[in-house]
Amino acid sequence: MSVLDGISRSLPLMLEGLKITLSLAALAVVFALAVGLVVAWMRMSRFAALRWLAQGYLALIRGTPLVAQLFVIYYGLVTVVDISSFWSAVIGLTVHTGAYMAEIFRSGVQSVPKGQTESARSVGMSRTQALRIVVAPQAFRSILPSLGNQFIIAVKDTAVASFITVPDLFMQAQKLAAATYEPLTYYLISAVYYLAVVMLLTALLRRLERRHTRYAI
Amino acid sequence: MPHPDTAPQDTAPQDVPPLVRMRDIRKSFGAHTVLDGVDLDIGTGEVVVLIGASGAGKSTLLRCVNGLERIDSGEIVIDGRELRYDEKSLNLMRRRVGMVFQHFNLWPHKSVLDNVTTAPVKVAGRDPRQVRDVALELLDQVGLKRFADRYPMSLSGGQQQRVAIARALAMRPKVMLFDEPTSALDPELVGEVLAVMRDLADSGMTMVAVTHEMRFARSVADRVVLMADGKIAEQGPPTAVLDNPRSERGRAFLRQVESV
Ligand SMILES: Nc1ncnc2c1ncn2[C@@H]1O[C@H](COP(=O)(O)OP(=O)(O)OP(=O)(O)O)[C@@H](O)[C@H]1O
Ligand SMILES: [Mg+2]
């Protein structure tokens, strides 16, 4: 059977999987942005306890495999609450991606020269105002590329959700592979879907970057 | 009576309290003592030029006045109020103390006009339309009204520094601090910034400026203060300090300045 046949025959299942993959990625990214902001703020806090807490979280997430984190959350959560595998995956991906977002936010804030905060404070801005009015907009511009990169990684990372039975794109490929004994065909097809999504996202992000990274002259 | 070398001369009359009063200011970074007991009064309307070798503590002293650095001990009184370090008092005090930095520190993501209007609107809560008019007037005074809609990165260093001066003035400060405002500029751009500072001095603004521009010090300063090793080594009218330094420190510094 040709690959073209495979593409058309698998289309309905793959599209269903794609929908779930995209939902997982979108939810995880949005929540991770929030987690990242909070953790970055804790990481740079004046209070040592908050810094340690944030550092512990970052060390744990960056030091263990994503799939292990997902399993721990999935099997851990189901023992205490009734939660679907989909939402377990969203939580797992959020916790994972949030750590990387936090580091991106922190690097963004640190990329803004100290003189910017000083001139903001020197005209009477509070710490928060200096951050909001002067530092954050500049930090945002400088982190757009890494933020976009992290979005792309998050899309591909959703594939681990199939390990906890979420019927995402990769799970559909696994099912088709098993049913047809043609693993290569269907894994290749799923790869094409991921590639298409990532290329589309890359193009969108590039447009956003072009609009924001350069200072108007 | 203070030590004769440090006795203020040519300052405001004795019965008028100084606008800025510093007493026995001490400040260390770790084991390194940077300010070692500085007493300095700045009278209302007075223009004081601070000079001294690199590392003498000039920047640190200015930064202590507006609370960017915290003193270890001593007393700073600005406009009758003692400097305190809680957020609220600091922010209120800073509205009355303008600061101009060596590297301008304009906000690159905001237009020239927004650089000037942001603090009066967001910090002082003044009416945006009124602030806009005042800001355009200030930009006019520094010769940059037609650049109001440009972004800082598109201006020359001299122009950026003039915007920075307008930004500080927009808060209607009682005193303006300048930390080497022309040191980062190409030589041909120094004059335009000094001219703005001269106008400001003529308008009666109280100013403390760290600068190596000796001609400016001679023609604009009411008083020159020479710092060495975290102390005031000598102070007085520009001619006295710059032509006939009494202290060994003063003579050494001026030899160095003149040799470049
Ligand atoms: N944040 C800081 N941490 C540690 N040391 C500092 C800090 N700021 C200043 N110093 C040190 O304090 C001393 C005085 O510095 P300061 O910048 O006040 O000198 P200055 O008179 O302004 O010199 P310059 O003419 O080079 O600007 C220097 O030795 C400097 O290294
Ligand atoms: Mg200095």
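In strand β2 of chain B, L40(B) is the bridge partner of M22(B). The model is predicted: local features need pLDDT of at least 70, side-chain atom pairs count only at pLDDT 80 or more, and totals for chains, interfaces and linings use all residues. Residues are numbered from 1 along each chain as its sequence is written, chains are lettered from A and ligands numbered from 1 in the order in which they are written, and side-chain values use heavy atoms, without hydrogens and water.

**The open sheet**

Helices (H or I, at least four residues) and strands (E, at least two) are DSSP runs, numbered from the N terminus. Strands of a sheet pair through backbone hydrogen bonds, either parallel or antiparallel. Two strands count as paired if DSSP finds at least two bridges between them. Strand β1 (residues 20-29) of chain B is joined to β2(B) by eight bridges, and the two run antiparallel. Both belong to an open sheet of four strands in chain B, with the order β2-β1-β4-β5 and antiparallel pairing. Its edge strands, β2 and β5 (81-82) of chain B, each pair on one side only.

Strand β9 (residues 223-228) of chain B is largely enclosed by the rest of the structure, because six of its six residues are buried. Here buried means under 20% relative accessible area, exposed over 50%, and partly exposed in between (1.4 Å probe, protein chains only). R223(B), V225(B) and M227(B) point one way from β9(B), while V224(B), L226(B) and A228(B) point the other way. β9(B) pairs in the parallel sense with strand β3 (residues 47-52) of chain B over five bridges, and V48(B) stands opposite R223(B). With strand β10 (residues 231-236) of chain B, β9(B) pairs in the antiparallel sense, also over five bridges. These two strands form a hairpin with two residues between them, and D229(B) in the turn has a positive phi of about 50°.

**The surroundings of ligand 1**

Residues near ligand 1 (a heavy atom within 4 Å) include F29(B), K58(B) and E180(B). The largest share of this shell, three residues, comes from α1(B). Polar contacts are pairs of N or O atoms within 3.5 Å; within protein, one must be able to donate a hydrogen and the other to accept it, and residues adjacent in sequence count only if both atoms are side-chain atoms.

| Residue | Protein atom | Distance |
|---|---|---|
| A56(B) | polar backbone atom | 3.2 Å |
| G57(B) | polar backbone atom | 2.9 Å |
| T60(B) | N or O atom in the side chain | 2.5 Å |
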